[in-house]
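Hello,

Here is the structure for you to look over. My notes follow below it.

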Amino acid sequence: MKHYNAIFLRMILILIGIATGVFLFQKGLVFSGFFCAFVSILLLMELFSFVKNTFLFYDKTISAILNNDFSADFTKHKSFENYKNLFKLYDHLKNNQNDQVSKDLVYRSILNNIETGVLILQKDGNDWNIFLINDYFSKHFLVPRVSKWHYLKNHLPSLCKVIEERNFEEIKTSLQIKIDKQESETFILQASATTTFNQEYYIILLDSIQKVIEKKEKEAWINLMKVISHELMNSITPIRSLTQNLNDLMQQESLSKEDLDDIKQSVSTMIYRSDHLQNFVESYRKLAMLPTPRKEKVELNELVNGVLQIMNPLLKRENITVSNTISFNRWLSVDKLQMEQVLINLLTNSMYALEGKAEKHIEIEAELKNNRIFIIISDSGNGIEKEIEDKIFLPFFTTRKDGAGIGLTLSKNIIEAHGGYLNYQMEEERTKFMICLIN
């Protein structure tokens with residue numbers, strides 16, 4: 001029976017009792033009137049107790065929900081129709097909390113098993129509370145599980161100083177952290193703020209720069225080994241197959257004209273694949289045994305114009321115009337032959353990027369900034385797809401059918417051997433390769 005039906009029935013009985021008592025008093029039946037009054041009082045007390053217990057049950061259940069206490073078992077009350085919706089709400093919130101707890105355990109397990117220091121702060125008025133410190137952060141930086149930002153400052157003052165100076169805003173930088181009187185270690189710091197349900201959080205990630213380098217080196221080696229394995233198998237598999245075929249032919253007592261033609265074709269193919277393999281190994285040797293730059297004084301414009309003179313026949317054949325907009329001259333301390341090779345590689349790259357274009361134009365410019373000289377070669381070609389941007393400097397990676405895939409890798413290695421760097425960017429629908437050298 002529903003609560004309101006039960007209360008309504010009790011109210012009817014009380015009113016009947018009161019009305020009957022009044023009627024009996026009027027008839028002079030005093031004792032019977034007192035009895036009815038007594039019964040009415042008992043019914044009223046029972047109604048009070050019923051309402052009180054009902055509210056107490058609701059209050060107890062709601063209090064448990066508010067305190068995230070879902071340990072109560074209401075299975076024995078399942079038959080109580082009065083509390084049906086309350087039980088549904090309780091079970092729904094209990095299941096939600098169990099799901100949330102499970103997710104929290106999974107997330108914390110993931111965060112505690114990664115080799116990156118993770119620190120999450122939660123805004124509390126004008127201060128910050130420590131919402132989470134993962135195991136790597138705690139163990140690597142020897143930080144106990146503190147709860148307040150000002151406690152953390154006592155353990156990692158250099159980190160906290162950088163964050164406070166940036167006013168808890170987005171950061172991406174490197175910093176030196178000294179741990180327990182040991183040598184300072186360099187870390188990559190990334191931090192960002194986020195707000196959810198009107199609650200501010202600040203997430204801090206710390207990666208050892210040595211681990212980042214090792215990871216990148218490992219990825220590069222894996223990619224390199226995939227390419228080498230692919231190239232070797234592409235040559236060795238057909239050579240082995242052809243060798244097996246020749247061996248079978250040589251087992252015959254006599255050879256027909258068709259067999260001789262087959263032998264000639266097989267030998268020709270084996271020579272072709274062997275040459276390809278030799279060229280591949282030679283390309284790898286060039287990368288692996290790049291000689292130390294023999295630096296000499298070279299004029300910038302003389303270097304660029306010399307390369308353009310070498311490339312001029314190819315550029316004319318492809319109807320490509322080149323603008324050399326370098327308006328100043330500068331002496332560079334470089335290996336002339338190696339730098340010429342870099343410029344030739346980059347111009348060749350631009351030539352292939354302009355294939356099929358109506359307007360074919362390459363521009364060469366230079367800038368001086370902070371004791372550095374930037375040589376920029378740009379073209380109006382198709383550019384490099386986003387998916388392969390991080391692979392263009394990998395050895396033997398190429399999108400051209402006849403490409404060896406070492407031009408950009410070799411160019412990057414040469415520039416780095418000179419103490420500079422080579423990078424790529426897209427700007428205003430133009431592809432730009434930038435050489436940076438210390439002037």
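Which strands does helix H9 lie across, and at what angle does H9 run to S7? Helix H9 (residues 300-317) lies across S7, S9 and strand S10 (372-379). H9 runs at about 175° to S7. Axes here are lines fitted to C-alpha atoms, for helices over the stretch in contact, and angles run from 0 to 180 degrees between N-to-C directions. Contact means heavy atoms within 4.5 Å. Helices (H or I, at least four residues) and strands (E, at least two) are DSSP runs, numbered from the N terminus.

Before the rest, some ground rules. This is a predicted model, where local features need pLDDT of at least 70 and side-chain atom pairs count only at pLDDT 80 or more, while totals for chains, interfaces and linings use all residues. Residues are numbered from 1 along each chain as its sequence is written, and side-chain values use heavy atoms, with hydrogens and water left out.

**Overall**

The protein has 11 helices and 12 strands. Of its 439 residues, 34% count as buried (under 20% relative accessible area, with exposed over 50% and partly exposed in between; 1.4 Å probe, protein chains only). Take the contacts between residues at least 6 apart in sequence: 55% of them join residues at least 24 apart.

**The sheet**

Five strands form an open sheet in the order S7-S9-S10-S12-S11, with mixed pairing. Its edge strands are S7 (321-324) and S11 (421-427), each pairing on one side only. Neighbouring strands are turned by 20° against each other on average, direction ignored. Two strands pair if DSSP finds at least two bridges between them. S7 and strand S9 (residues 361-369) pair in the parallel sense over 4 bridges. There, Ser-323 stands opposite Glu-363 in S9.

**Helix H6**

H6 spans residues 157-165, and its buried residues are Leu-159, Cys-160, Val-162 and Ile-163. Why do they lie on the same side of H6? Because they cover an arc of only 160° around the axis. The arc is that of the directions from the helix axis to the C-beta atoms. The face turned away from the buried side carries exposed Lys-161 and Glu-165. Cover for the buried residues includes helices H4 (135-140) and H5 (149-155). It also includes strands S3 (171-177), S4 (185-196) and S5 (199-208). Just after H6, Asn-167 takes a positive phi of about 60°.

**Phe-187**

Phe-187 is found in strand S4. Phe-187 is buried, with a relative accessible area of 0%. Its C-alpha atom is separated by 8.5 Å from that of Thr-173, 14 residues apart along the chain.

Best wishes
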